[in-house]
Amino acid sequence: MNKNKIKVLITAIPFLSIDNNIRKLFKKKNIDFEILSAINKFKKKDISKFDAIIAGVEDYDVKKLSQAKNLKIISRVGIGTDSIDLNFCKKRNIKILKVKSPHESVAEYTISAIISSLRNFSSMNHNLHQKVWKPVLGKSLSEATVGIIGFGKIGKLVARYLKFLNINKILVHDIKKFGKMHKIKFCKKIDLIKNSDVISLNIDLNKKTKNFISFKEINSIKKPLSIINTSRGKVINEKALIYGIKKKKIKNVFLDVFEKEPYYGQLRKYKNCMMTPHISSFTNRCRREMELESINNLLKNLKST
């Protein structure tokens, strides 16, 4: 970087960690920063003058990145990079930084979603808002089988929490092979889908996992089940998901991520589809830790650019 002031754009919404200490640090490091006030303003934002961006989940495609003549660093407040054109960044020597997995808060979210799905909270909540009093019988964890797709940090912690909660059986599908574990059975994806009451998706998005749950998987469902997705929207084919809901193969859906965000699509009209706006890591502690780590990543790498 030159001796002129470094310009940083913060697009992660909301951003909680800009306190007086960080303001002083940025001033000391000769950094000017601007915080974007809303995610929908990013598309129209001119990013040509910025040297670095502390990014959320907004899209950094070729068109957007082509504006960024001065950009050297994108520091993500998160672990996913699927919203960034990595090939373009490589050609332009733009560094991509990310934080450690927010596994604890995401695992907690997943457990709450599993229980909600097994007990049919979303459909009963919808019914009551429509003045329909209709109790729906659910399942307790001790009589349920939970399938976990993806056994990284988050998947392992979900399994650990479930064991404490006296889960009946845990099925796991992952690319890697693992040894025997108490109450956990490793199996093929189709076997997991056929035998689970609820499935939690905890996988990274890549070429192999895009549309990981498609029409083939939905058609293999033998008994109505629930699906929870806290990973990335594109791991589920949305048309296949809607098909599964209509055919009553899918009992409940709990989605925190979507192919296009913000999401205003067709899934909103189904009462058994609970949706949240990409907030599985949104706890005070986790969010601040991620933001501070993204700031520290940025500061460390500014030295070498």
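Biologist: Which class does K5 fall into: buried, exposed or partly exposed?
Modeller: The model is predicted: local features need pLDDT of at least 70, side-chain atom pairs count only at pLDDT 80 or more, and totals for chains, interfaces and linings use all residues. Residues are numbered from 1 along each chain as its sequence is written, and side-chain values use heavy atoms, leaving out hydrogens and water. Buried means under 20% relative accessible area, exposed over 50% and partly exposed in between, with a 1.4 Å probe and protein chains only. K5 has a relative accessible area of 42%, so K5 is partly exposed.

Biologist: Which residue meets K5 in a salt bridge?
Modeller: A salt bridge needs a side-chain nitrogen of Lys or Arg within 4 Å of a carboxyl oxygen of Asp or Glu. The partner of K5 lies in strand β2 (residues 31-35), whereas K5 is in the segment before β1 (6-10), so the pair ties together parts 27 residues apart in sequence. Strands (E, at least two residues) and helices (H or I, at least four) are DSSP runs numbered from the N terminus. At an N to O distance of 3.5 Å, the side chain that meets K5 is that of D32.

Biologist: How far apart are the closest N and O atoms of E217 and K189?
Modeller: E217 sits in helix α8 (residues 215-219) and K189 in helix α7 (residues 189-195), 28 residues apart. Both residues are buried. They form a salt bridge, and the closest N and O atoms are separated by 3.1 Å.

Biologist: What is the relative accessible area of L267?
Modeller: L267 is in the loop between β11 and β12. Its contacts, not counting residues up to four places away in sequence, include L241, I245 and L255. L267 counts as buried because its relative accessible area is 2%.

Technical notes:
Contact means heavy atoms within 4.5 Å.
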